[in-house]
Amino acid sequence: MGARETALNALIACRKSGAWSNGVLKEYIQRDRLDSRDAALATRLCYGVLQNRNKLDFYLKQLLTGKWKDLHPVVRDILHLGLYQIYELDKIPDSAAVNESVALAKKYCKNPRAGALVNGVLRSAVRTRGQLEEPVSYADRYSHPDELISLLKANLPKGKLENMLIADNAAPQTVVQVNTLRISTAKLVERLEAEHISARPHGWMPDCLVLSNTGNLEKLPAFREGLFYVQDPAAKLSVLCAGLPEADIRVLDCCAAPGGKSFAAAIAMGDKGWIVSCDIHAHKVGLIENGAARLGLTSITARQQDATQAVPEWEGTMDAVIADVPCSGLGIIRKKPDIRYKSIAEMDSLPALQRKILETQAAYVKKGGILLYSTCTLLKRENEDVVHAFLAKHNDFCLEPLPLPEGLPGNETGMLTLIPGEFDTDGFFICRLRRKP
């Protein structure tokens, strides 16, 4: 089975069962035993189609002689794959894009005329390339639903929307954090280059590398030896903003899986003190434990725990609590492109959950301690509004300026929203609160 067929199966799964593309792709790539080159192509094809679906449909409606709405969904998926290769990937020959798509149509479509339809449409796409009408609206040009665009426009500063939409459709970089308890950043660069991996320092996050030509990261010796872990700079920044000292302190990470923030905290603390790393799902607790073991971090204790349920023995005992809460995820569309197509209405209940988690976790912070609230979304109702509602009820907490690294603007408000396309990160909201002594 080749990359295109794997990508098609992933697209079908996303459409039919609502599967998340990143999870189903990983599963199908392993199932189909793709090598690193085909795995990369399958990923690019699947993500590329999801990132450009409206745009591809805009072209498809011009290329079809029949009605677009009458297309069988699998035929449409196959045409999307073919059109994406023809219009967006300059290293794939047109003939390969057409012929492979026709073969998929013959294999996956019951209608005997599907192959001829795919052949005709894609050959027309090659012949008329550069001559079709181009999309004008943001919804068609950047393949974000109108309702989502309206929501983002209402929540972003003026002039930021289009750059974010462009960033959402860019291929995400592979960014890793160095386990400085085991190796220096310079030494890790040498190790990775010896393994034929290109590594360059991130622009403003210390001990952070941007990798390319990685293949399957988990197969790299440097990964298996626990010399680094995968984490976006924005997520690492949220932990750094907690200002954790290298000392014998108690830290709670209440929504921790897969563990990146706990790992960042442990490394910042020199693996001293005690970090309890929680998740509501048992299998995700195992992910945290496995990651900590690979990195050699002994200060982390993983525990299954619902962040909305109180643990009386923790009350007033934590020097710092990290609450990176469940959210709408609109800041990580570039990594999970199918988020853009999820129901907006289903996001309405999130602020109530977030307020309940923040309320529960605040009780664990000792006097003088830090409460770090963060999300990977850009909506004020999940970010600033949650914080202000919390502060209105808790005058024993106050906002504190964020300690940010060089390369980022200074912060005095205690709240920061990172927007995709601005600082080369995921979209992220960070808030630092201190319990008054």
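Helix α16 (residues 350-362) and helix α17 (residues 384-393) have axes that come within 10 Å and cross at roughly 45 degrees. That makes α16 oblique to α17 (angles under 35 degrees are roughly parallel, over 145 roughly antiparallel, 65 to 115 roughly perpendicular, and the rest oblique). This is a predicted model, where local features need pLDDT of at least 70 and side-chain atom pairs count only at pLDDT 80 or more, while totals for chains, interfaces and linings use all residues. Residues are numbered from 1 along each chain as its sequence is written, and side-chain values use heavy atoms, with hydrogens and water left out.

Now for who touches whom. From α16, Pro 351, Gln 354, Arg 355, Leu 358, Glu 359 and Ala 362 meet Val 386, Ala 389, Phe 390 and Lys 393 of α17 (contact means heavy atoms within 4.5 Å). By class, this contact of α16 with α17 has six nonpolar, one polar and three charged residues.

On to the aromatics: searching the whole structure turns up eight aromatic pairs (ring centres within 6.5 Å; planes under 30 degrees apart are stacked, over 60 edge-to-face, the rest tilted). Tyr 138 and Tyr 142 make a tilted pair, with centres 5.7 Å apart and planes at 55 degrees. Both sit in helix α8 (residues 138-142), four residues apart, about one turn of the helix. Here is how the two compare on accessibility (buried is under 20% relative accessible area, exposed over 50%, partly exposed in between, with a 1.4 Å probe and protein chains only):

| Residue | Relative accessible area | Class |
|---|---|---|
| Tyr 138 | 28% | partly exposed |
| Tyr 142 | 10% | buried |

Elsewhere, ring pairs link Phe 58, Tyr 59 and Tyr 87 into a cluster.

Definitions and conventions
Axes are lines fitted to C-alpha atoms, for helices over the stretch in contact, and angles run from 0 to 180 degrees between N-to-C directions. Helices (H or I, at least four residues) and strands (E, at least two) are DSSP runs, numbered from the N terminus. Ala, Val, Leu, Ile, Met, Phe, Trp, Tyr, Cys and Pro count as nonpolar, Asp, Glu, Lys and Arg as charged, and the others, Gly among them, as polar. Rings of Phe, Tyr and Trp (its six-membered ring) pair if their centres lie within 6.5 Å; planes under 30 degrees apart count as stacked, over 60 as edge-to-face and the rest as tilted.
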